[in-house]
Amino acid sequence: MAFGLSSFLESSDLFTSDHASVVSMNLFVALLCACIVLGHLLEENRWVNESITALIIGLCTGVVILLLSGGKSSHLLVFSEDLFFIYLLPPIIFNAGFQVKKKQFFVNFMTIMLFGAIGTLISCSIISFGAVKIFKKLNIDFLDFGDYLAIGAIFAATDSVCTLQVLSQDETPLLYSLVFGEGVVNDATSVVLFNAIQSFDMTSFDPKIGLHFIGNFFYLFISSTFLGVAIGLLCAYVIKKLYFGRHSTDREVALMMLMSYLSYIMAELFYLSGILTVFFCGIVMSHYTWHNVTESSRVTTRHSFATLSFVAETFIFLYVGMDALDIDKWTFVKNSPGTSVAVSSILVGLILVGRAAFVFPLSFLSNLAKKNSSDKISFRQQIIIWWAGLMRGAVSIALAYNKFTTSGHTSLHENAIMITSTVTVVLFSTVVFGLMTQPLINLLLPPHKQLSSGHSSMTTSEPNSPKHFAVPLLDNQQDSESDPIAGPEVTRPTALRMLLRTPTHTVHRYWRKFDDSFMRPVFGGRGFVPFVASSPAEQSPR
């Protein structure tokens, strides 16, 4: 991203240009600090979260600069999707995978994939074909079929930050896990879908292209996941074998950071999905690599990744707020403001319909596969999941710029309409829907109900909880034999029957057995104590 405040200094002199860049960078860093301070002051007010705070500060700053320049400033910041996708997005997604509660994520994995992958495809289809029908009735005919599919992918990308900041991971673990997991998978699916659409010529669509498109989509999905897992395992193996901590903890921290970023860059190099790759790399690193480093490195990495993610998120929302007042784009649509408002309104309506079209049916299907009533998604929880996906954020902005601009600029009236409509939808959904999130959740899930349902979910969803799920086929036979009051022998269910009755828990227990027997001896993980000279790990008994 190139920073420039052309209204302040408009000289071609090199020194003057450098000074303008320094001024703009100082201004932006100061604004980031202001967002952090205000976010801290508003911590008790769960109505206004940090993303809304950054948006409002960006808007106010844009207004001030426009007034100082007399309305002549064409760019507050020159947008570059490369900055967003290569520098800002990786730490956010990696931290999401690194901090995720893996038990909750994988116990609800099938439901998360239903919402994040299948649901995104349904939402994209409804938005695309709805836009085709409604836009043509309004004589908005400057888009081709490929553009409509791209619009579906752009506005299928959700931003559930507002809802996650209101929900409590401890009080409502099931709901938090579903919203969080769906958000990450949704972003990855939307970007993969958008790139697949961009790589095909949609002007002459036929069944062969459709089959090729579906095959390419699944190839990107599976290959990206495999690459992220492979790099995470490689990092765990290297750190476990070489014991960096005995000489310098800086090296193992640096290696974890660089390997995590390498996973994203390699995915982009091979035209895969960097979001999926770095997310699963984060999960693998938190499961294996994090346990192989020294205690001080564990604290350092956890806080470093969280800090980088926080700063990147604040940067993105601050930029979106400032870019909303880019005068060049609004100049192109000033002769047809009604068209821009109509397009924005239609898109918001299609987002509402497209979201509802998969959340409630897929929740019904997910509940059919669950035997325990406490594991099922209640209707109130379904409404919150539907609401959580109504907000649109930086991914939609970046994809829209990628499709309808060149290096952040556009000279076409039609493209300017789509950019301004995207910015309007993002601002409206984030501010309006975001402000309504807290009262909606308090209405649907009162605090005492959140607490009780949270404890219920925590005890029932934990696969290792003996009160909820005990698989005798994996236990030692001697346990029952040595118990003098065990009573008569009980018929034990077969492995196939257990798999059909409780597939998620059964697969998880088999995975734990495989992980303990084969993976952890090679790649380390929980229970591995790295040897560090003069460290507490060396002095204490293993």
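Tutor: A disulfide is a pair of cysteine sulfur atoms within 2.5 Å. Keep that cut-off in mind for this structure, which is a predicted model.

Student: How many disulfides does that rule give here?

Tutor: The count is zero disulfides. Take C281 as a case: the closest cysteine sulfur, in C235, lies 7.2 Å from the sulfur of C281, so the two are too far apart for a bond.

Student: Is C281 buried or exposed?

Tutor: C281 counts as buried because its relative accessibility is 0%. C60, at 45% relative accessibility, counts as partly exposed.

Student: Now the salt bridges. What is the general idea behind them?

Tutor: Side chains of opposite charge can pair when their charged atoms come close. In this structure there are five salt bridges. One of them joins the side chains of K403 and D147, with an N to O distance of 3.1 Å. K403 sits in helix α16 (residues 394-404) and D147 in helix α6 (residues 145-156), so this pair ties together parts that are 256 residues apart in sequence.

Student: How are K403 and D147 classed by accessibility?

Tutor: K403 counts as partly exposed, at 23% relative accessibility. D147 counts as buried, at 12%.

Student: Which residue forms a salt bridge with R355?

Tutor: The partner is E182, and the closest N and O atoms of the pair are 2.6 Å apart. R355 belongs to helix α14 (residues 337-368) and E182 to helix α8, so the bridge ties together parts that are 173 residues apart in sequence. Both R355 and E182 are buried.

Student: What about R520 and D515?

Tutor: Their side chains meet in a salt bridge at 3.1 Å, N to O. Salt bridges that share partners join D515, D516 and R520 into one network. R520 is buried, with a relative accessible area of 15%, and D515 is buried too, with a relative accessible area of 0%.

Student: Which residues does F135 touch?

Tutor: Leaving aside residues up to four places away in sequence, F135 touches I140, L143, Y148, V343, I346 and L347.

Student: Where is Q381 found, and what does Q381 touch?

Tutor: Q381 is in helix α15 (residues 379-388). With residues up to four places away in sequence not counted, Q381 touches L174, L175 and K376. Its relative accessibility is 11%, so Q381 counts as buried.

Student: Which residues make the nonpolar surface patch of about 270 Å²?

Tutor: V37, L38 and L41 make that patch. L38 has its place in helix α1 (residues 14-41). At 34% relative accessibility, L38 counts as partly exposed.

Conventions: Residues are numbered from 1 along each chain as its sequence is written. This is a predicted model: local features need pLDDT of at least 70, side-chain atom pairs count only at pLDDT 80 or more; totals for chains, interfaces and linings use all residues. Side-chain values use heavy atoms; hydrogens and water are left out. Patches are made of residues with over 30% relative accessible area and no salt bridge: like charges are joined within 9 Å, nonpolar side chains (Val, Leu, Ile, Met, Phe, Trp, Tyr) within 5 Å. Accessible areas come from the Shrake-Rupley method with a 1.4 Å probe; for residues, only the protein chains shown count as cover. A salt bridge is a side-chain nitrogen of Lys or Arg within 4 Å of a carboxyl oxygen of Asp or Glu. Helices (H or I, at least four residues) and strands (E, at least two) are DSSP runs, numbered from the N terminus. Buried means under 20% relative accessible area, exposed over 50%, partly exposed in between (1.4 Å probe, protein chains only). Contact means heavy atoms within 4.5 Å.
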